[in-house]
Amino acid sequence: MKKVEKIAALLFVAFLSVGTLFASGNGEKESPKMSSNSDSKFGGVLVFARSGDSVGLDPGRETDGESFYGSTPVYDTLVEFVPGQTAIRPALAESWSFSENGLSVTFKLRSGVKFHDGTPFNADAVVYSIERQFKKDHPAYEFGPWKYWGYMDMDNIVESVTAIDDLTVEFKLKKKEAPFIANLAMDFAAIVSPTAGEKYGADFASHPVGTGPFKFISWIKDDSIVYERNNEYWGGDVYLDRLIIKVIPDATARWLALQKGEVDVIDFPSPEDLDDMMNTDGIKVIQQEGLNVGYLALNNEKAPYDNKLVRQAMNYAIDRNEIVSGVYGTAGKPAKNPLPPTMWSYNDDIKAYDYNPEMAKKLLAEAGYANGFKTEIWAMPVARPYNPNGKKVAEIMQAQLSKVGIDVEIISYEWGTYLDKTDQGEHQAAMLGWTGDNGDPDNFLWVLLSEMAAEKPAGNIAFWKNSEFTKLCAEAKEEMDPAKRTELYRKAQEIFHEEAPWVPIAHSVVSEPMKESVQDFVLYPTGRRVFTKVWLKK
């Protein structure tokens, strides 16, 4: 019989006590050491199969999970998430401390760390990695756009980054920012080799060089990325000889490859296959409730979605329960808010739009669309944790919306093109979703829905601009009291519900099937796939 492992999602840890983020970091990382290769944990090649390819491997330039999958093995950040949690611990920075007024942070860096190209990690590398994303006179600035820096409002947070000495860096801030330290654990804040950045220029996204547990070897687009163990990794032993991230677009084909032993771990299994996986000898499934939301964004810059009544009608006309039943199965639950229910400050008092075609027709008539209208719905071409099958979701929506007179044309593109077109606002309505990157509501509400995030290239692909919502979120960013922040975010969710810039679709349980030989794999609430301490039982 199949052994199922469930790892609890400890999603509240980082911000139940905000003070822990603003005190000097004192967590311990496993001390650097190397074991003999005769150690039973050492050796082997792990093949991880996913649904789509990375757009690029420079995490400062990308925003999607597939790209971060490709860059995570190569890079480190100043601070990092505790495996399986959203609590923060030291990484390339051994410690940090805030000034008394909260407007500067000083990081003490690890000594003796090297980039994969043999050059030393130091304060200058931190300055290079951060400044390239916001200083327009920086030689690497032109290789952007640095989308995530913008999504996170970092231009309005970071005043300067200065190397005090070789192992000390000071960030000066323009304002207090409650999630600032957690932000620096995110992929966009990865520390890159300045030497490699200068060498490769615009092509650095295809030649990544960091300090991480694995060195980049090769990338065959739409096929595979190959890495080898970094024997000089500062964070202790890395056990796998090689890591291969392989693209297998079809979920059934990924499952077949796992059964045949061609791969070791697969991402985003089809919900219909989960029971079979859980009862297959030699296979185990790790599960965790996802810190995610899948949604249909209604482009407020384009008719008819510039009309609130139409947006509300879309919410009444789409039956989330049917979508969850038909696509997610037991691995999903209908969404009503932009935050997942596992996120602190989630407003469960809000009443979801129920499935009510008659109410939808009434609202359409009030809006001047008594006979309905034609619209496009863009369907994601890849499986993601928040949406395992975009095409199937679109087809269900198409059938449901036809009952209220809305004629839907389904459109899709290659993943990188899809992202580029949606963040430029070319769509009428488009599916997308989000997995929280830092355990903070700000990473959903500000990044996906604020007025600032509607600037192109946009994180807010609904292009919804509500000054009251943005003001509440801005206040919450500077408020250090979690209770007060919660109240602000609850009010913001009420405005979102009334204005209906999205049709929230679902939150999912993330399932990761793998061979039983795969040891110490941990799911992260932030959606990362980390293989630093994974090993293969022989």
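**Packing, ring pairs and salt bridges in the predicted model**

Helix α12 is followed by Gly368, which has a positive phi near 95°. Helices (H or I, at least four residues) and strands (E, at least two) are DSSP runs, numbered from the N terminus. The structure is a predicted model, in which local features need pLDDT of at least 70, side-chain atom pairs count only at pLDDT 80 or more, and totals for chains, interfaces and linings use all residues. Residues are numbered from 1 along each chain as its sequence is written, and side-chain values use heavy atoms, with hydrogens and water left out.

Helix α12 spans residues 357-366, and its buried residues are Ala360, Leu363 and Leu364. These residues lie on the same side of α12, because they cover an arc of only 100° around the axis. The arc is that of the directions from the helix axis to the C-beta atoms. Buried means under 20% relative accessible area, exposed over 50%, and partly exposed in between (1.4 Å probe, protein chains only).

Aromatic rings were examined next. Rings of Phe, Tyr and Trp (its six-membered ring) pair if their centres lie within 6.5 Å; planes under 30 degrees apart count as stacked, over 60 as edge-to-face and the rest as tilted. The count comes to 25 aromatic pairs. One of them joins Phe171 and Phe180, edge-to-face, at 5.8 Å centre to centre and 65° between the planes. Phe171 has a relative accessibility of 0%, so it counts as buried. Phe180 is also buried, with a relative accessible area of 0%. Phe496 and Trp502 form an edge-to-face pair because their planes stand at 80°, with ring centres 5.4 Å apart. Phe496 is buried, at 2% relative accessibility. Trp502 is buried too, at 1%. Ring pairs also build a cluster, which links Phe68, Phe134, Tyr148, Trp149, Tyr151, Phe188 and Trp434.

Lysine side chains lie over ring faces. A charge sits over a ring if NZ of Lys or CZ of Arg is within 6 Å of the ring centre and within 35 degrees of the ring normal. Lys421 lies over the face of Tyr413, 5.1 Å from the ring centre. The charged end of Lys456 sits over the ring of Phe463, at 5.4 Å from its centre.

Salt bridges were then counted. Side chains of opposite charge can pair when their charged atoms come close. A salt bridge is a side-chain nitrogen of Lys or Arg within 4 Å of a carboxyl oxygen of Asp or Glu. The total is 34 salt bridges. Arg528 pairs with Asp187, and the closest N and O atoms are 3.4 Å apart. This bridge links distant parts of the chain, 341 residues apart: Arg528 is in the loop between β20 (518-519) and β21 (535-536), and Asp187 is in the loop between α6 (180-183) and α7 (194-200). Arg528 is buried, at 16% relative accessible area. Asp187 is buried as well, at 8%.

Asp223 forms a salt bridge with Lys246, with the closest N and O atoms 3.5 Å apart. Here the partners are 23 residues apart: Asp223 is in the loop between β9 (214-220) and β10 (224-229), and Lys246 is in strand β11 (residues 242-247). Asp223 is partly exposed, at 28% relative accessibility. Lys246 is partly exposed, at 27%.

Glu289 and Lys333 form another bridge, with the closest N and O atoms 3.1 Å apart. Glu289 lies in strand β13 (residues 283-289) and Lys333 in strand β15 (residues 332-334), 44 residues apart. Glu289 is partly exposed, with a relative accessible area of 31%. Lys333 is partly exposed, at 37%. A network of salt bridges links Arg50, Asp53, Glu66, Lys221 and Arg384.

Asp437 is buried but has no salt bridge. Its nearest side chain of opposite charge is Arg528, 6.6 Å away. Lys and Arg count as positive and Asp and Glu as negative; His and the chain ends are not counted. Asp437 is found in the loop between β18 (429-435) and α15 (442-449). Leaving aside neighbours within four places in sequence, Asp437 is in contact (heavy atoms within 4.5 Å) with Phe81, Tyr148, Met186, Asn443 and Thr526.

Asp275 lies in helix α9 (residues 274-278). Asp275 counts as exposed, at 57% relative accessibility. Asp275 and Val285 are 10 residues apart in sequence and 9.9 Å apart in space, C-alpha to C-alpha.
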